[in-house]
Amino acid sequence: MMQVNTVMNIWIVLPILIPLLTAVGAVLAWNWRRVQRVLSVIGSAALLGAGLKLLLTVWTDGILALQIGSWPAPFGITLAADLFSAIMVVLAGLLAVTVTLYSLASMDMERESFGYYPILHILLMGVCGAFLSGDIFNLYVWFEVLLIASFVLLTLGGERAQLEGAIKYVTLNLMASALFLAGVGVLYGIAGTLNMADLAVQLAKMEHPEIVTAVSMLFLIAFGIKAAVFPLFFWLPASYHTPPVAVSAIFSGLLTKVGVYALFRVFTLLFVHNIRYTHTMILIIAGFTMVTGVLGAVAQTEFRRLLSFHIVSQIGYLLMGLGLYHPAAMAAAVFFMVHVVLAKSTLFLVSGVVHWLQGTYDLKKLGGLYASAPGLALLFLIPALSLAGIPPLPGFFAKLALVGAGLQLGQYVISAVALAVSILTLFSMIKIWNEAFWKPQPLAATCASAQPVLLIIPIVLLALVILGIGFFAGPLFTLAARAAEQLSDPAGYIQAVLGGA
Amino acid sequence: MVSLILSTAVRYIFPLQLLFSIFLLLRGHNEPGGGFVGGLVVAAAFSLVALANNVWTAQRTMGVNPRVLIGVGLLAAAVSGLQALIAGQPFMTAAWIARDIPVLGKVGTPLLFDFGVYLVVIGVTLTIIFTLMEE
């Protein structure tokens, strides 16, 4: 078994190794910004390539597992990749490429010379590590890696608003980490193992499942803070609009999604003995998250703050899929994840171009962009309408599948909430459209006329992917359905990690 | 303010600290020690120079920018794992030289990894300390 897997196993390490080596190269080329930029682009492209290859390998050969350093499973460090992990790694690669390209044009010299690129790749390493970790303690370690990198990215530049946002972000996330670590400690105390596959086996045999339920709540709170769910989300809209747009985009696309990924992992693999309690709880949280997020968004008049509240709202949809705990619902959630990561990052990148053109994020002061930049208006509409769920964009199919699953399972309340929130999402997207694009510009303020090509290329790229997913939703749905199948039947994952045992 | 007593003492303590750090690094595989503490001892040595004289002396004594050490150290650690990939084994599987080498003892990729940790710790600690002292 070991022998067969070794060749393929390279693909599971590469998504962690490539960002690390890129970061190393960028650190060594500290004083040569041009070299750093080139390395960064190459590293991101390689990460995307490795992610795609990993996805392909998992698709054909099933779940992959790798025992780091050849130490056998429950004792050593395990990396494991199922389809869901592989999809997430591909998304991370795609965002890495687009955000790096965008950074080339938009990042100021000061941030670049203080290590923007190395830190960006360390962040990517942490994100990919978290997606691939098969061990709950290592999941914690990867979370720390990506958090520390994100602290630096958030504060790099040291603007007043950045520091204010960072204080809330750092405090809340450190608390979440402490809770997470406490949960890991208790889990180790009751089960005597940290390998997630082994934990799944041990927890199923537990005599007192109430204790496990209690621990699961610790994890729900810890990951809940990181995923920004109701009522623990307020750090997100307070901080995401403060750093440069490229950083906002990668944060919005990846960081909270790592929290959601972790919730999916532990609540499909480990804590599935009392679904009636835990998953109902998740469903309730999902509902509140959707509603509060979108209501917050409706009230905002700052472009990026509005988008930040939307992130929260969309997290609710993802959790709804998990809370319903049914293969169809989870497939919809995986599909939704792909769509929301792409749409959200695109919108943030668009907000950056808007800022480039008119020098503000304030919707009241913006205007007339439809006349002055019709192409950009189109690029805004694609992700915005997709997020609101207008066919034939992927958001429509994602919501259709999610609500369909909800109705099928008899969860009428949450399905109704999802539909209502969808309308409010459309409303707030139209608000941006009206304010920034449609109405005439209130003050003919300073405005750059030309848009740098490098700012537009990544947006076009993402918009094309979104359109592609919309028009060819079938294959991605098949993929999502298989990913959900693997999630809802942990036996395959356990088998892949622990072997025949 | 430069203290004559401290700066004279440092002249003797400094080489001892460096030697001790190498001792810790090499002994670390199976006994207390290792790259992390070894690196801290080196960082302590250079901080002592910086305290006794000034930051610039410490930086000049060091000869390289600590930031470079972070990069080289990370690279060494990554390469120690890559060797296994090339040999067709799972990432980070240890490879040892069969015969013991005098003074160093057992030599293999874990030593390279530890050396990487050693450099990273020196680099990170001194980057922080030098930056703070410069201000």
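This is a predicted model: local features need pLDDT of at least 70, side-chain atom pairs count only at pLDDT 80 or more; totals for chains, interfaces and linings use all residues.

Visitor: How do the axes of helix 3 and helix 19 of chain A cross?

Guide: Two packed helices are described by the angle between their axes and the distance between the axes. Helices are DSSP runs of H or I with at least four residues, and strands are runs of E with at least two, numbered from the N terminus. Axes are lines fitted to C-alpha atoms, for helices over the stretch in contact, and angles run from 0 to 180 degrees between N-to-C directions. In chain A, the axes of helix 3 (residues 83–106) and helix 19 (residues 453–471) come within 7 Å and cross at roughly 160 degrees. Helix 3 of chain A is therefore roughly antiparallel to helix 19 of chain A (an angle over 145 degrees).

Visitor: Which residues of helix 3 and helix 19 of chain A make the contact?

Guide: Residues are in contact if their C-beta atoms, placed from the backbone, lie within 7 Å. Among them are A:Leu101 and A:Tyr102 of helix 3 of chain A, and A:Pro458 and A:Leu461 of helix 19 of chain A.

Visitor: Which way do the residues of strand 1 of chain A point?

Guide: In a regular strand the side chains alternate between the two faces of the sheet. From strand 1 (residues 64–67) of chain A, A:Leu64 and A:Leu66 point one way and A:Ala65 and A:Gln67 the other way. All are buried (20 or more other C-beta atoms within 10 Å of the residue's own, with C-beta atoms placed from the backbone). Strand 1 of chain A pairs with strand 2 (residues 78–81) of chain A in the antiparallel sense over 4 bridges, where pairing needs at least two DSSP bridges. A:Gln67 stands opposite A:Thr78 in strand 2 of chain A.

Visitor: What is the secondary structure of chain B?

Guide: Chain B has 5 helices and 0 strands. Of its 135 residues, 36% count as buried. The C-alpha atoms of chain B fill a box of roughly 55 × 30 × 20 Å along the principal axes. The contact between the chains takes 15 residues from chain B and 16 residues from chain A.

How values were computed
Residues are numbered from 1 along each chain as its sequence is written. Chains are lettered from A and ligands numbered from 1 in the order in which they are written. Two residues are in contact if their C-beta atoms, placed from the backbone, lie within 7 Å. A residue is buried if 20 or more other C-beta atoms lie within 10 Å of its own, exposed if 12 or fewer, and partly exposed in between; C-beta atoms are placed from the backbone. Angles under 35 degrees count as roughly parallel, over 145 as roughly antiparallel, 65 to 115 as roughly perpendicular and the rest as oblique.
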